[in-house]
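Keep the structure open as you go.

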Amino acid sequence: MIEPPMSVIGDFRSLRPRHLSSQAQTLEWLAMAHARAEAQLATQEGRAFDETPFIESMRKRLARFGCGSHQIATRGHELDDCSHLRWDDMEVYRLAERASGEGMRTRTRVFGRIASSALSLLFAEVSDAPQQLIHVTCTGYESPSAAQLLVAGKGWGSRTRVTHAYHMGCYAALPALQVAAGLLALGATNRPTSAEARVDIVHTEICSLHLHPLRHEAEQLVIQSLFADGCISYSVYPQASFHRRGPALAVLSQAEWIVPDSAQSMAWFSSDFGMEMILARDVPDKLAQSLAPFVSSLLEQAGEPAIASERAIFAIHPGGPKIVDQIAAALKLTEEQVAASRAVLRERGNMSSATLPHIWQELARASNVQDGQLVVSLAFGPGLTLSGAVLRKVSA
């Protein structure tokens, strides 16, 4: 049996979104989009419709059910549509023509273009081919993928293998780390003299493609006001060959549980007009019930006592503000321990699987996070899946 080597995460590179808007601006855009969609539907059905009171109603509903500016200050979008209200000039949300926006064929093609552009930018200054490249996303799929096109374009086809880690949702960064560790172990066995073993992981999450402007339910307004776009890449090395390349995080342990009696609490599936999410109100409560034993198990695997959680930083996937609140309460964490998770949510929104790597990047680069600092990382997704890792900061 091959034992995965201790691995180290470093070389973080993230993209600034093409459009960064205040949460107040994005909520107003949503109110206008919902109203425009209803107006177009009324036209199709031959009935009268007054947009003005509907817009005001949507503003109130978004203020009541959506994530407010005190929770998320800004959200990023790669899709130009989200930056203006010229419905005739939209690519996906042509709501003057189609109340639901364009279908999955158009959205998939737009995803492919944006993902390919993102990978080109993220790897623009990378000249050394990785042995493996893992492409992570749950917001769009094309074949050949953006990762395959990058490898072909770079001339890495005989040196880099591409693996696709798709549709796991917000927790996917952690399974991607497990895959990377396995690939490193396999590479060490097949090519034991290689001193430059490296697996690159890249996330392209374009959540802005999946709004359905005729869905006005409270649950959907939460989702529409929460998710944002995010693209980031990083490298995973065996610890033995890392050689202090810069600020990084060593992986000490990983685990994954499926929470009992929770299969219907969260879902993510393809629909005719984008991908659709189901997010039950009981998700934070169900997660909280399993957290303490899960974290204890993670720390034990890492060779750390349970009391180590009192001094650890917690890199929590901020599925929403209440997720961070209830995890902090369940584990008796201080605000300082969850500050990085709150900061990334506030500055960027929920970027699905790209969120956790952004938090890791902040912690690796933060001057106030000392060498040797323990980091407990937690994320969640459909299943209901609880995934985690214990990391330790290692600095140059």
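Two exercises with worked solutions follow; the model is a predicted one.

**Exercise 1.** Which residues of helix H8 (residues 321-331) are buried, and which are exposed on the other side?

Solution. 
- Step 1. Apply the cut-off: buried means under 20% relative accessible area, exposed over 50%.
- Step 2. List the buried set. In H8 these residues are Pro-321, Ile-323, Val-324, Ile-327, Ala-328 and Leu-331.
- Step 3. Check their directions. They span an arc of only 165 degrees around the axis, so they lie on the same side of H8.
- Step 4. Recall the helix geometry. An α-helix has 3.6 residues a turn, so residues three or four places apart point the same way.
- Step 5. Turn to the other side of H8. Lys-322 and Ala-329 are exposed there.
- Step 6. Find the partners. The buried residues of H8 pack against helices H7 (283-301) and H9 (339-348), and against strands E11 (313-316) and E12 (374-381).
- Step 7. Look past the end. Lys-332 follows H8 and has a positive phi, near 60 degrees.

**Exercise 2.** At what angle do helix H1 (residues 23-45) and helix H2 (residues 51-65) pack?

Solution. 
- Step 1. Take the geometry. The angle is about 140 degrees, and the axes of H1 and H2 are 9 Å apart.
- Step 2. Classify the angle. Roughly antiparallel needs over 145 degrees, so H1 is oblique to H2.
- Step 3. The crossing of H1 past H2 is right-handed.
- Step 4. Inspect the contact. From H1, residues including Leu-27, Leu-30, His-34 and Arg-36 take part; H2 brings Phe-54, Ile-55 and Met-58, among others.
- Step 5. Sort by class. The H1 contact with H2 holds ten nonpolar, one polar and five charged residues.

Conventions. Residues are numbered from 1 along each chain as its sequence is written. This is a predicted model: local features need pLDDT of at least 70, side-chain atom pairs count only at pLDDT 80 or more; totals for chains, interfaces and linings use all residues. Side-chain values use heavy atoms; hydrogens and water are left out. Buried means under 20% relative accessible area, exposed over 50%, partly exposed in between (1.4 Å probe, protein chains only). Helices (H or I, at least four residues) and strands (E, at least two) are DSSP runs, numbered from the N terminus. The arc is that of the directions from the helix axis to the C-beta atoms. Contact means heavy atoms within 4.5 Å. Axes are lines fitted to C-alpha atoms, for helices over the stretch in contact, and angles run from 0 to 180 degrees between N-to-C directions. Angles under 35 degrees count as roughly parallel, over 145 as roughly antiparallel, 65 to 115 as roughly perpendicular and the rest as oblique. A crossing is left-handed if the near helix is turned anticlockwise from the far one by less than a right angle, and right-handed if clockwise. Ala, Val, Leu, Ile, Met, Phe, Trp, Tyr, Cys and Pro count as nonpolar, Asp, Glu, Lys and Arg as charged, and the others, Gly among them, as polar.
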